[in-house]
Amino acid sequence: MSAVSVTEDAGGPADPAEPLVVLDNVNKHFGALHVLQDIDLTIARGEVVVVIGPSGSGKSTLCRTINRLETIDSGSISIDGKPLPAEGRELARLRADVGMVFQSFNLFAHKTVLQNVTLGQTKVRRTPKAEAEERARALLDRVGVGNQADKYPAQLSGGQQQRVAIARALAMEPKVMLFDEPTSALDPEMINEVLEVMQQLARDGMTMVVVTHEMGFARSAANRVVFMADGRIVEEATPDQFFSNPRSDRAKDFLSKILAH
Amino acid sequence: MFDFLDSPQYNLLGAFWLTVQLTVFSGIGALVWGTILAGMRVSPVPVMRAFGTAYVNVVRNTPLTLIIVFTSLGLYNSLGITLGGGGDIESINFRLAVLGLAAYTATFVCEALRSGINTVGLGQAEAARALGLGFFQVLWSIVLPQAFRSVVAPLASVLIALTKNTTVAAAIGVAEAALLMKEMIENESDAILLVFAVFAFGFIVLTLPTGLVLGWLSKRVAVKR
């Protein structure tokens, strides 16, 4: 974990191709299973990258390595030019800059919606409580659950909980947002309300890594689609290219299965 | 028949008051120390985990009588530890008994709490870490509050056991209920069943409300998921 793997020199601040997240030759094993194999992936500032692939392909693991909820065995990951620290205070500081939204929401069950969104600000950023609450309420309004601020997570629907989770991550003013299958645990009628919030975020220029099965979202919001299978990145392309003209057999096979009906 | 209860020779209320004091002080000590031990047992530092595990397994499996007698004969008589200031032998023994009871009961608090920690979903801690909280912040703000809420009922059992375990302090001469009972059994042998009944009743008066109140509290604070 010594080499900083930014290969291209970061350009000026206006450069749209300025790399923000760089994974270089990342490998990870779960026991005998080689879940991430030689992953090279560069995500530019403001880019929306959607990671798709069959289950077990390693896409969630890939997403979780970016803020080190999963450790890696070899290779390097850097965010905004700084290599990912191994542990301790440095790692916590970096995680504060990387927002994460989980499949199962993971809102703090014993805290109100408002407290969920202020907690990180007050504990990590040391923001004064009043200021944190002000920002929290603004964010909750933005994701459309402002009137639920004083409820507990269990009193909200799945879609509302996930939107609160997005607000909680945004409250930290992250440089990049990771979405780990954010709609997979939702009832079908709630998926759109979450996707709309994510679309809005993408339009606002947030850098996003989204692991999802929502092909519609990939088509409309992604700058780039990354297709993974068996722990490898098999194909990277723009959504148009990928969905209309996939190059690899693996991707063709996958798309034929999910788009057949 | 209840004449002897009025006798100025026996301070029944005073004895039970000391039982209550023993319970409260060692209960607080056990809660604090038990929480720290539980933190050690789930910490990422191997040395801490090893200490927590060793402490719990040694102390929990040692008879309480041995621990209490050790505080008096070992800590006080041999090592001269009086736990702060002089005071007469009675208050020294009281403090030693609190130490022994707290050290012993903390192991049960720790294990109850650890089972509570296991009921808190892994995702809760992950979400907190993802926000940038450190180990202690995650433990203190997210995991422990939820763990405590789920173990109020088992902790009530620990507290009830502690209340009754304070009788062991009689072994080092702390003038709580059991010591008075022993004295009364010797002096009032004609009313021995009554003596037993009085003390059994006294303990039920202390422990039954504990169980009821904490049982109610446990439902009240349960975290809805």
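Residues are numbered from 1 along each chain as its sequence is written, and chains are lettered from A and ligands numbered from 1 in the order of writing. Because the model is predicted, local features need a pLDDT of at least 70 and side-chain atom pairs count only at pLDDT 80 or more, while totals for chains, interfaces and linings use all residues; side-chain values use heavy atoms, without hydrogens and water.

The predictor assigns the complex an ipTM of 0.86 and a pTM of 0.83. Within chain B, confidence is lowest in helix H1 (residues 3-6), with a mean of 66, and highest in helix H3 (residues 46-60), at 95.

Chain B contains 10 helices and zero strands, these elements being DSSP runs numbered from the N terminus (helices H or I, at least four residues; strands E, at least two). The C-alpha atoms of chain B fill a box of roughly 70 × 45 × 30 Å along the principal axes. Of its 225 residues, 45% are buried, that is, under 20% relative accessible area with a 1.4 Å probe and protein chains only. Among contacts (heavy atoms within 4.5 Å) in chain B with a separation of 6 or more, 74% join residues 24 or more positions apart.

An unreviewed UniProt entry annotates "transmembrane region" over residues 12-37, 58-76, 96-115, 127-148, 154-179 and 191-217 of chain B. Over residues 58-76 of chain B, the chain is 84% helix and 0% strand, with the end C-alpha atoms 21 Å apart, whereas over residues 96-115 of chain B the chain is 100% helix and 0% strand, with the end C-alpha atoms 29 Å apart.

In chain A, helix H3 (residues 113-123) is mostly covered, with eight of its 11 residues buried; these include Val113(A), Leu114(A) and Asn116(A). The buried residues of H3(A) pack against helix H4 (129-142) and helix H5 (158-170) of chain A, together with helix H7 (135-150) of chain B.

Terms used: Buried means under 20% relative accessible area, exposed over 50%, partly exposed in between (1.4 Å probe, protein chains only). pLDDT is the predictor's confidence in each residue, from 0 to 100. UniProt positions are given in the numbering used here, feature names are shortened, and annotations may be inferred rather than shown by experiment.
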